[in-house]
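Here is a short report on a predicted protein model.

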Amino acid sequence: MKPYQSCGPHWTYGWLRRPEMDSHDEGYCYEAPDGTLIYSSQEDHMEVMTLFEVIGEDGHSYLCDREGLSC
């Protein structure tokens, strides 16, 4: 069984790429549907971040990138 429910590019989950908010210190900026800003310094996130929907031990789903998967 795969360790995630679904996966896809950030726009699949309503995230926006916010290049105008990129930061030299924090990295590439993305905005989640609730307005939360997420920063990543990974070079492959310059244009697209692939997200994975996983179910936590508490039964709630959340999104993470490939590094957040425990495979």
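## Burial and the cysteines

Buried means under 20% relative accessible area, exposed means over 50%, and partly exposed lies in between (1.4 Å probe, protein chains only). Cys64 has a relative accessible area of 12%, so Cys64 is buried. Cys29 is at 0% and also counts as buried.

How many disulfides does a search of the whole structure find? The search finds 0. A disulfide here is a pair of cysteine sulfur atoms within 2.5 Å. Cys29 is in no disulfide. The nearest cysteine sulfur to Cys29 is that of Cys64, 19 Å away.

## Ground rules

This is a predicted model, in which local features need pLDDT of at least 70, side-chain atom pairs count only at pLDDT 80 or more, and totals for chains, interfaces and linings use all residues. Residues are numbered from 1 along each chain as its sequence is written, and side-chain values use heavy atoms, with hydrogens and water left out.

Strands (E, at least two residues) and helices (H or I, at least four) are DSSP runs, numbered from the N terminus. Two strands pair if DSSP finds at least two bridges between them.

Strand S5 covers residues 50-55. S5 and S6 pair in the antiparallel sense over 4 bridges. Phe52 stands opposite Cys64 in S6. In a regular strand the side chains alternate between the two faces of the sheet.

## The S2-S3-S4 sheet

Another open sheet of 3 strands has the order S2-S3-S4, again with antiparallel pairing. S2 and S4 are the edge strands, and each pairs on one side only. S2 and S3 run antiparallel and are joined by 2 bridges. Arg17 has Tyr30 in S3 as its bridge partner.

S3 and S4 also run antiparallel, with 4 bridges between them. Glu31 stands opposite Leu37 in S4. The hairpin of S3 and S4 has 5 residues between the strands. There Gly35 takes a positive phi near 95 degrees.

## The aromatic pair

Rings of Phe, Tyr and Trp (its six-membered ring) pair if their centres lie within 6.5 Å; planes under 30 degrees apart count as stacked, over 60 as edge-to-face and the rest as tilted. By this rule there is 1 aromatic pair. Tyr4 and Phe52 form an edge-to-face pair, 5.0 Å centre to centre, with 70 degrees between the planes.

What does the pair tie together? Tyr4 lies in the segment before S1 and Phe52 in strand S5, so the pair links parts that are 48 residues apart in sequence. Phe52 is buried at 2% relative accessibility. Tyr4 is partly exposed, at 21%.

Ser40 is found in strand S4 (residues 37-40). Is Ser40 buried or exposed? At 8% relative accessibility, Ser40 counts as buried. Its side chain makes a polar contact with the side chain of His45, at 2.6 Å. A polar contact is a pair of N or O atoms within 3.5 Å; within protein, one must be able to donate a hydrogen and the other to accept it, and residues adjacent in sequence count only if both atoms are side-chain atoms.

Contact means heavy atoms within 4.5 Å. Leaving aside neighbours within four places in sequence, Ser40 is in contact with Glu26, Gly27, Tyr28, His45 and Met49.

## Loop residues

Gln42 sits in the loop between S4 and S5. At 21% relative accessibility, Gln42 counts as partly exposed. Not counting residues up to four places away in sequence, Gln42 touches Tyr28, Asp65 and Glu67. Gln42 and Tyr28 are 14 residues apart in sequence and 7.9 Å apart in space, C-alpha to C-alpha.

Asp25 lies in the loop between strand S2 (16-17) and strand S3 (28-31). Asp25 is exposed, with a relative accessible area of 73%. Asp25 and Asp65 are 40 residues apart in sequence and 20 Å apart in space, C-alpha to C-alpha.
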